[in-house]
Amino acid sequence: MAPNMTKRPVGAPSVLFNEDDTEPSVVDEGNQIAEGETVENNKYKPYRYQRQIVWRNVALFVYLHIAALYGAYLMFASAKIATSIWAILLYQMSGLGITAGAHRLWAHRSYKGKLPLRIILMIFNTIAFENHIYEWARDHRMHHKYSETNADPHNAKRGFFFSHVGWLLCRKHPEIKEKGRGIDMSDLERDPVVVFQMTYYLLLMPVLCFLIPTCVPVFMWGETWSNAWFVATMFRYTFTLNMTWLVNSAAHMWGDRPYDKFINPSENIGVALGALGEGWHNYHHVFPWDYKAAELGNYRANLTTGFIDFFSKIGWAYDLKTVSMDMIRKRVDRTGDGTHSSIWGWEDKELSPEDREEAVIINRSHVG
């Protein structure tokens, strides 16, 4: 039986950026309505949804971004090179905890991982501090099942700012809680690694996300506490957050839609580079079970795929699911926007005269 999203699973602590699990109230007609639509609910009379800002989160995110900007300055002004490298390493680790872990492994079940790999990804995920795996995967399953509706936690139709960070600054739309009851999370409730992290999250997260990243530069290579805190912790953490958020915002607004022109998620190479391969979003929303989250396994713009492939070679990742070229071709022909490259090579008759004319040929033969 799927858990009720309005209640926290047994053993799950409240986390920093959660809003309270309070039910929405009936709003009088005279009140100012932020969103303006009427919401039906079996338990309550019809009411209008009123957006409620969580000012605690607003204050926290304002501090995070000011601290991150100062950290970016210190990175060039006074921080040691080792500290900057440490920050980049932590960004890669925490990013993989989201992309290879919470996203492709736990939210989509696009591959399976043996216990050592799941423990590594759980640690990486905790460094990222984007809420524990269970909650992240639950919200992401909602995002796919009810994409760009009021039941989508970061509905991109509510604008760039809302889908990027605003959804964390206000209480959830009541349809998220209402329809969330139908999301099956039993697979994660059976995973001891997920349950362990969820149970001890408020102990693990401060140590792995803030304490260790700050202390390592100070005690290992004599960095100042200020540089360690603002560069390796604040800048790194905030940068990682924004790279993840760009998948929800920019990759739902800008880019081609070669696989399905009727949905907003797009192919965005900039997001793919910053989010370790998560920017091929039109493909991902069409084929969410593909472990590559992209048609091609190009590691330069999809580091996460390279990470999973490495652990597949040593046997820690297995049952990797992907999509056949025939299935991709059929979907491209049926719903694509025409931007999908379907040319097999130079002699393909469908190569346009314009492309053929503008192609650069090096060391051209003058024979025949």
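User: How many nonpolar, polar and charged residues are in the lining of the largest pocket?

Analyst: The lining has six nonpolar, four polar and three charged residues. Nonpolar covers Ala, Val, Leu, Ile, Met, Phe, Trp, Tyr, Cys and Pro, charged covers Asp, Glu, Lys and Arg, and the others, Gly among them, are polar. The model is predicted: local features need pLDDT of at least 70 and side-chain atom pairs pLDDT 80 or more, while totals for chains, interfaces and linings use all residues. Residues are numbered from 1 along each chain as its sequence is written, and side-chain values use heavy atoms, without hydrogens and water.

User: What makes a residue part of that lining, and which lie nearest the centre?

Analyst: A lining residue has an atom within 4 Å of a pocket point; a pocket is an open set of points on a 1 Å grid over the protein atoms alone, where a 1.4 Å probe fits, with protein on both sides within 12 Å along at least five of seven lines. Here 13 residues line the largest pocket, and Tyr259, Glu267, Trp280, Glu295 and Leu296 lie nearest its centre.

User: Why is the pair of aspartate 191 and arginine 118 called a salt bridge?

Analyst: The closest N and O atoms are 3.2 Å apart. The criterion is a side-chain nitrogen of Lys or Arg within 4 Å of a carboxyl oxygen of Asp or Glu, so the pair qualifies. Aspartate 191 sits in the loop between α7 (186–189) and α8 (192–199) and arginine 118 in helix α3 (residues 115–128), so the bridge ties together parts 73 residues apart in sequence. Helices here are DSSP runs (H or I, at least four residues), numbered from the N terminus. The structure holds 14 salt bridges.

User: How do you know whether aspartate 191 and arginine 118 are buried or exposed?

Analyst: Buried means under 20% relative accessible area, exposed over 50%, partly exposed in between (1.4 Å probe, protein chains only). Aspartate 191 has 7% and arginine 118 has 15%, so both count as buried.

User: What does the salt bridge of aspartate 187 and arginine 141 tie together?

Analyst: Their N to O distance is 2.8 Å. Aspartate 187 lies in helix α7 and arginine 141 in helix α4 (residues 133–145), so parts 46 residues apart in sequence are joined. Both residues are buried.

User: Why are glutamate 178 and arginine 181 called partly exposed?

Analyst: Glutamate 178 has 28% relative accessibility and arginine 181 has 33%, so both fall in the middle class. These two form a salt bridge at 2.9 Å.

Definitions and conventions: Helices (H or I, at least four residues) and strands (E, at least two) are DSSP runs, numbered from the N terminus.
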